[in-house]
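Thanks for coming, everyone. Let me put the structure up, and then we'll go through it piece by piece.

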Amino acid sequence: MSSIEASEDAPVPEPRTYGHLVPATPRELKGMIRDWRRGRATKNLVEAIQDAYVVVIGALMIGAMIINVILNAQRFVASCTSVSCLSARTVLPWAAFAGAVAVALSVSRLFGPVLASAAEGFWLLDAPISRAKLLGLRLVAAVLAALAGGAVIGAVVSALTGSGSTEVLIWSAATALSAAAAVAFAAAQQGIDRHLLSRIFTYLFGLLAVAALMLVVGVAANWIRLDFAGELGSQLGLIMIGFSGAVLVASFVLARLRLRQIHRARLLSGGALVSGLSGAFFALDIGLARDIVVARRAIEIGQVNPVRGRGLGLGAIIWREWQRLRRFPQPLLLVAGTIVVPYAADALGMGSLSSVFAALALFGATIPLLGGLRVLTRSKGLVRCLPFSVAQIKLASIAIPATVVVIWTISVAPAFAGFRGTTVQRSLSEAVLMATATGSAGLLAAIRWTQAKGVDFGAPMIATQAGAFPPGLLTNLFRGFDVALLVTAPILLGVSPFWSLVLAAIVAAILLNSMDAESMRARQAEQQKMLQEQRKQREAAKAASQQRKR
Amino acid sequence: MAKRTTILKASGLRRAFGSNTIFDKFNLEVRTGEAIALTGRNGAGKSTLLRCLVGADRPDDGTVEVCGNPMRETSAEIRRDVATVIDDLDFFPDLSVVEHLDLLARAHGISEPDELVDEVLEEVQLVAQSGQLPGTLSSGQRRRLALATAFVRPRKLLILDEPEQRLDTEGVTWLSGRLRSERQSGLAIVFASHEPALVERVATRVVELGAPRG
């Protein structure tokens with residue numbers, strides 16, 4: 001008989017009984033937590049706002065500037081009455097509508113959408129109280145957030161296409177309700193721990209958004225003829241409002257009912273993701289925030305069918321990049337979606353701005369393609385395993401994304417030629433130069449963003465009125481945007497696109513050089529060490545000769 | 001038998017953080033077939049010294065040479081010769097366990113790496129996890145994968161920081177056997193460890209850093 005068996009046979013006391021206990025209600029628990037939090041608060045809301053007045057004023061200023069830009073663009077575009085303008089004005093809000101639903105579903109699947117923190121999971125979800133009552137407000141908050149986000153997206157897109165105020169209101173409401181309905185639907189799915197429908201609808205609406213964008217290109221290029229005269233856009237928007245509203249109500253009721261049986265693990269994983277992301281955003285480390293999301297997705301996927309590699313040396317790295325893209329081709333959809341940007345800008349009579357818009361869109365769309373570069377940049381361990389210079393390794397990991405950008409460049413070249421009679425007509429060579437400069441701007445901006453290191457809070461701080469700032473904190477926010485705007489600036493200013501290419505070449509040289517900056521720093525340090533040693537030797541020799549003289 | 005050649009030479013190394021000197025005037029020479037174990041209390045400077053030896057950290061003074069060349073972490077030649085497993089190894093989130101090893105072997109020019117990769121996978125007991133993405137591995141499995149990266153590539157010098165960390169008893173026994181055979185096949189090894197059995201079985205010399213244990 002083992003010692004474990006022996007201890008199992010030993011008599012044990014009866015568990016202690018506590019009599020008939022009535023558990024606290026969720027409201028009582030929440031009230032208690034609120035009291036504790038208030039008791040620990042050292043500032044009230046007004047004092048907190050006073051302390052952060054620089055941030056508040058800054059946010060107000062930037063917000064006012066953005067609204068001003070949108071209103072100006074709206075006025076400018078509204079004056080365009082060509083068929084392409086009218087078509088784009090009608091179709092682009094559809095794309096925004098479908099895109100908002102796809103994004104809402106995707107984000108909902110990622111976070112929950114109903115979630116709870118680890119502390120809540122440990123202290124509250126274990127208690128014998130109704131989860132539906134405890135989490136009801138979370139569901140409402142998630143739906144309201146989607147409602148607000150959808151309203152902004154719908155309003156901005158329809159305003160930028162030059163729609164009138166009624167249409168802006170209709171599409172804002174339609175997009176808001178559809179995004180909220182998507183979140184409520186995902187919550188209803190979360191309640192029974194099934195996500196297949198959410199996943200299918202994400203792809204479906206994503207494809208619809210891309211199809212709507214392609215329709216804009218087709219119309220702008222005169223490949224498709226659409227006549228959207230009259231009130232078709234508004235009528236469609238009103239139908240969407242009705243339909244989305246009905247889906248929202250039905251899904252919300254279902255989700256609320258299913259909150260009772262929601263799984264704790266799913267709630268907590270969303271909470272853990274939020275706490276990780278909030279930490280990254282607190283440090284303004286957007287790259288880290290993205291890493292957290294990518295890692296989370298990889299964990300959800302878990303297993304893949306391994307594929308043996310091909311090629312040797314750097315070729316093996318390039319082949320693996322290609323294989324990774326084939327395995328997870330979703331980012332290509334995003335890049336394909338951005339092809340429409342210069343066409344849409346041209347169709348809306350904003351041909352002069354198309355390069356800037358397209359470069360910024362490509363910048364955002366290319367970042368997911370640079371996952372390999374990101375991994376190699378964020379820590380040295382993996383690079384140290386590979387027998388190549390840092391610049392070689394990073395160039396190899398950029399090869400596939402660069403090829404995708406070349407295809408993008410070829411696809412957008414006709415937009416820059418100004419094929420519509422409404423905008424500036426350019427020669428083919430100039431259009432190709434512009435497209436190349438725009439593609440380079442987007443790719444280089446994404447490379448710069450991807451290589452961003454975390455903010456060094458140990459470095460000397462910069463004194464500002466809002467307190468001390470580490471130098472990288474704010475520059476991290478503008479990383480990438482600076483390159484995209486710098487390279488496209490000559491085009492925006494009406495100078496030859498050749499100068500944009502010159503700037504792109506300079507930026508590329510700096511970025512590629514900075515890839516090997518550590519090697520340069522190491523060499524510099526070695527040289528400094530040698531110089532110091534030589535100086536010491538000279539001083540020692542001088543001292544010895546002086547001693548001899550004495 | 002071939003003459004033993006010097007693979008790693010550290011001379012007069014000094015590293016300090018502010019007024020706290022971690023090590024000073026540290027000299028070390030490692031030749032082929034030698035295994036140096038760095039021991040000492042937590043905070044004695046083992047990891048810092050290893051980071052200086054692989055170029056991940058820069059010593060305040062002194063030099064490190066690998067095969068007669070000054071150590072530069074970014075030098076492709078040095079990375080070809082030195083396999084390191086220290087705590088900063090990262091993985092591609094979307095490449096499986098076996099694909100990482102395959103990539104590494106091919107990058108080092110091994111044209112038919114399948115057999116070698118399978119062999120190492122079996123040795124580190126990750127065959128069942130070969131299709132898994134690194135994010136789903138346990139900490140012990142990640143450690144095994146990190147160690148595997150050192151064994152699927154050509155190497156002259158192996159630098160390991162507490163390789164026994166997060167390994168179970170069986171894993172530590174395997175590791176000591178593997179490192180011993182690596183040493184016997186002429187590889188130079190420098191490793192930091194808190195595991196007396198591993199040190200005893202693998203090391204030809206033991207260097208204790210910091211104040212001796214009381």
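Start with two helices in chain A. Helix α17(A) covers residues 371-378, and helix α19(A) covers residues 390-417. Their axes come within 8 Å and cross at roughly 160°. An angle over 145 degrees counts as roughly antiparallel. So α17(A) and α19(A) are roughly antiparallel to each other.

Which residues meet there? From α17(A), take G372(A), L373(A) and L376(A). From α19(A), take I393(A), K394(A), S397(A) and I398(A). By class, that contact has four nonpolar residues, two polar and one charged.

A word of caution before going on: this is a predicted model.

Now chain A as a whole. The chain has 24 helices and two strands. The C-alpha trace spans about 95 × 95 × 60 Å along its principal axes. Of the 550 residues in chain A, 39% are buried. Now take contacts in chain A between residues at least 6 apart in sequence. Of those, 80% join residues at least 24 apart.

Over to chain B, and its sheet. Five strands form an open sheet, in the order β6-β7-β8-β3-β9, with parallel pairing. Which strands sit at the edges? β6 (82-85) and β9 (205-208) of chain B, each pairing on one side only. On average, neighbouring strands of this sheet are turned by 15° against each other, direction ignored.

β6(B) and β7(B) run parallel, joined by four bridges. One pair to look at: A83(B) has L158(B) in β7(B) as its bridge partner.

Next step: β7(B), residues 157-161, pairs with β8(B). That pairing is parallel too, over five bridges. Here L160(B) is partnered with F191(B) of β8(B). How does the chain get from β7(B) to β8(B)? Through helix α6(B), residues 169-184, in a right-handed β-α-β crossover. That helix lies across β3, β7 and β8 of chain B. α6(B) runs at about 145° to β8(B).

A35(B) has I189(B) of β8(B) as its bridge partner.

Stay on β8(B) for a moment. Buried or exposed? Five of its five residues, 188-192, are buried. In a regular strand the side chains alternate between the two faces of the sheet. For β8(B), one side carries A188(B), V190(B) and A192(B).

I189(B) is the partner of A35(B), and F191(B) is the partner of L160(B).

Last topic: where the two chains touch. How many residues does each chain bring? Chain B brings 37, and chain A brings 43. On the side of chain B, the elements that give two or more residues are α2 (76-81) and α3 (97-107). α3(B) gives the most, with seven residues. By class, the side of chain B that touches chain A divides into 13 nonpolar, 12 polar and 12 charged residues.

That's the tour. Questions, please.

Definitions and conventions:
Residues numbered from 1 in each chain as written. Chains lettered and ligands numbered in written order. Predicted model: local features only at pLDDT ≥ 70, side-chain atom pairs only at ≥ 80, totals over all residues. Contact = placed C-beta atoms within 7 Å. Nonpolar A, V, L, I, M, F, W, Y, C, P; charged D, E, K, R; others polar. Buried ≥ 20, exposed ≤ 12 C-beta atoms within 10 Å, placed from the backbone. Pairing = 2+ DSSP bridges. Right-handed = clockwise from strand over helix to strand, strands pointing away. Axes fitted to C-alpha atoms, helices over the stretch in contact; angles between N-to-C directions. Parallel < 35°, antiparallel > 145°, perpendicular 65-115°, else oblique.
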